[in-house]
2 protein chains.
Amino acid sequence: MAAFATRTGKRVRPHAKTHKSPLIARLQLDRGASGLCCAKLGEAEVMAGAGLGPLLITTEIAGEPKVARLVALRKRAHVMVAVDDRDAARALSDAMLAAGLTLDVLVDVNVGQERTGVQPDGAGELAACVASLTGLRLRGIQAYEGHVQHVYAEAERRMKWRACADRMLAAMESIRSRGLAVEILSTAGTGTCAFAAELPEVTEVQAGSYPFMDCDYARVEGLPYESSLTVLASVVSRQRGDTAVIDAGWKALSTDAGMPAVKGRPELEYATKGDEHGGVRGARMVPGERIELVPSHCDTTVNLHDEYICIRKGVVEAVWPIAARGRIQ
Amino acid sequence: MAAFATRTGKRVRPHAKTHKSPLIARLQLDRGASGLCCAKLGEAEVMAGAGLGPLLITTEIAGEPKVARLVALRKRAHVMVAVDDRDAARALSDAMLAAGLTLDVLVDVNVGQERTGVQPDGAGELAACVASLTGLRLRGIQAYEGHVQHVYAEAERRMKWRACADRMLAAMESIRSRGLAVEILSTAGTGTCAFAAELPEVTEVQAGSYPFMDCDYARVEGLPYESSLTVLASVVSRQRGDTAVIDAGWKALSTDAGMPAVKGRPELEYATKGDEHGGVRGARMVPGERIELVPSHCDTTVNLHDEYICIRKGVVEAVWPIAARGRIQ
């Protein structure tokens, strides 16, 4: 990803929601990342506490308790947030002004994911509102196309991405037509960085999964990243014929993106057996025997664990805390 | 559940895998629980560290690293484990003997869940093996019928449970026919305690979910427990018409048992919107507005969080750490 930044001239602002680790964030910044994305205020608090930044919080912040926390965070860190609502923007501006601060803001645009963000043709109106609020500073657009990242076939992914890009450009035009500048266009994940690099208007990408990947991302054509993340499990029972029962269930491996894969043994098939157990079909294994599982979704699996056990060539070199694990608010 | 124990004469050994909290375990023991179940060694280590017990580890333990941890745990705590394999039993016995210890053991019987456990007619053979191993002490049977707990209709649940009970009795007969005693029959969860109470051979129940319940258990007919567990979320965006986007997705609420319910507002419908977001359909809510969600599965949702915020009549009375969260090994 550092090579991608050098080659394309795009800034990379890795998403810390994937790794939730200040140590990994530090490695990314050391290799040229221009800052970090955080999904939530709690994640940003952990990163700021480790002296890292600048930070972009990619989820809207609203409600008095969170706004107060954001003010406290802004006092000690360079933090920017996404907004998609005029009332919420006013509340942020008022709180910042009351504390003698200003807050950098990106207008969040819905480019087809249908989650947060204004429609492209509404971007100008919200941007004008932000520009009029003296506690906020309009910096540009966030336009994340999460629904396209996992489209496996490259041609189809590119086609779907193109529709998102058209919406990004429409939003940009809607803002510029009001005489306002769009300095930042923050977009793209691991699955679409290569496309985003072809759009001159894009200034930065928000990729998160690339350091780890997972067995679902492995199905996405055309990505240059390898899988580095596994969950080590061991057999606890061999009483079910050709299905060994292991000590890793829903509490060890997320299944929102399907079942994990067994590393190096494609003939084996994992099936969930509840909170605490999994079944591995296809081999007779003995109790105590270990296998490594490649998660189907790195973000939600990492969020189940407290530590990375860092291994190089079979030797444990470090144990890194997943310091922002569970920081979901 | 304490009243159930008094009324039926069955011992209650609550499963700590649900709450993962030594503080809640302490409350259960203070109210007459006869000990605690732990799903994993790591959970038992936390409970033992808080001075709690006696402990039953309900998942088989195998492999040198875990056996060594079990020996260390056995030195400081009263711990019993389930076994379903002769080689694994021998390894446990050898390790205990080498440390000058003995370990209480239950023969784990498959009563229809098809996960761990020997078949009922193989229980006697394994029990005889355990009885012959001088590092182990045969105490009885574990026969957990996890597949029956969430059968919603009471008559159907009872019928399915009856088949499990027949298998428990067959296993017991298989052991007793070899002249061995079955002092403990540990079985049942929140959904089947009432049935287990009718079987004289049952000595204890392993219920875990009853202190919290969840919106799936709420559909199970005939249970006297109320829901006490919710996840507090807030609206972050209102740009998608009648679907408010909230700050609670897969990292806040497990979905292995379906979607959470919105507390007190049955007309609202939650849908997952990824790791960090959810959608709540059916009401126009403003950013910052809060709602409470009732998880669909208490165990896997609790395992996502670090603390219980304990509320009585709207007032926060305590914050309890979920000390064994993530202790899955």
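Residues are numbered from 1 along each chain as its sequence is written, and chains are lettered from A and ligands numbered from 1 in the order in which they are written. In this predicted model, local features need pLDDT of at least 70 and side-chain atom pairs count only at pLDDT 80 or more, while totals for chains, interfaces and linings use all residues.

**Chain A overall**

Chain A holds ten helices and 16 strands; helices (H or I, at least four residues) and strands (E, at least two) are DSSP runs, numbered from the N terminus. Its radius of gyration is 21 Å, close to the 20 Å that the globule rule gives for 329 residues, so chain A is as compact as a globular protein of that length. The radius is taken over C-alpha atoms, and the rule is 2.2 Å times the number of residues to the power 0.38. Along the principal axes, the C-alpha atoms of chain A fill a box of roughly 70 × 45 × 35 Å.

Of the 329 residues of chain A, 55% count as buried. A residue is buried if 20 or more other C-beta atoms lie within 10 Å of its own, exposed if 12 or fewer, and partly exposed in between, with C-beta atoms placed from the backbone. Among contacts in chain A between residues at least 6 apart in sequence, 64% join residues at least 24 apart; a contact requires C-beta atoms, placed from the backbone, within 7 Å.

**Helices**

The expected span in the table is 1.5 Å times one less than the number of residues in the helix.

| Helix | Residues | First to last C-alpha | Expected span |
|---|---|---|---|
| H8(A) | 154–176 (23 residues) | 32 Å | 33 Å |
| H5(A) | 64–76 (13 residues) | 19 Å | 18 Å |
| H5(B) | 64–76 (13 residues) | 19 Å | 18 Å |

The buried residues of H8(A) include A:Trp161, A:Cys164, A:Met168 and A:Ile175, and also A:Arg157 and A:Arg167. The buried residues of this helix pack against strands S5 (103–108), S6 (136–143) and S7 (184–187) and helices H7 (123–132) and H9 (193–196) of chain A.

In H5(A), the buried residues are A:Lys66, A:Leu70, A:Leu73 and A:Arg74. They cover an arc of only 100° around the axis, which puts them on the same side of H5(A); the arc is that of the directions from the helix axis to the C-beta atoms. The face turned away from that side carries the exposed residues A:Glu64, A:Pro65, A:Ala68, A:Lys75 and A:Arg76. Cover for the buried residues of H5(A) includes helix H4 (41–49), strand S4 (79–83), helix H6 (86–98) and S5 of chain A.

**The pair of chains**

Chain B can be laid on chain A with an RMSD of 0.0 Å by a turn of 180° and a shift of 0.0 Å along the axis. That is the relation of a two-fold axis. Copies are superposed by least squares on the C-alpha atoms of residues with pLDDT of at least 70 in both. Of the residues of chain B, B:Leu304 comes closest to the rotation axis, at 3.2 Å (C-alpha).

In the interface, 50 residues of chain B are in contact with 50 residues of chain A. On the side of chain B that touches chain A, H6 (86–98), S9 (231–240) and H10 (298–302) of chain B each supply at least two residues. S9(B) gives the most, with seven residues. By class, this side has twelve nonpolar, 19 polar and 19 charged residues. Ala, Val, Leu, Ile, Met, Phe, Trp, Tyr, Cys and Pro count as nonpolar, Asp, Glu, Lys and Arg as charged, and the others, Gly among them, as polar. The copies meet through the same surface, because 100% of the interface residues of chain B are also interface residues in chain A.

How values were computed. Contact = placed C-beta atoms within 7 Å.
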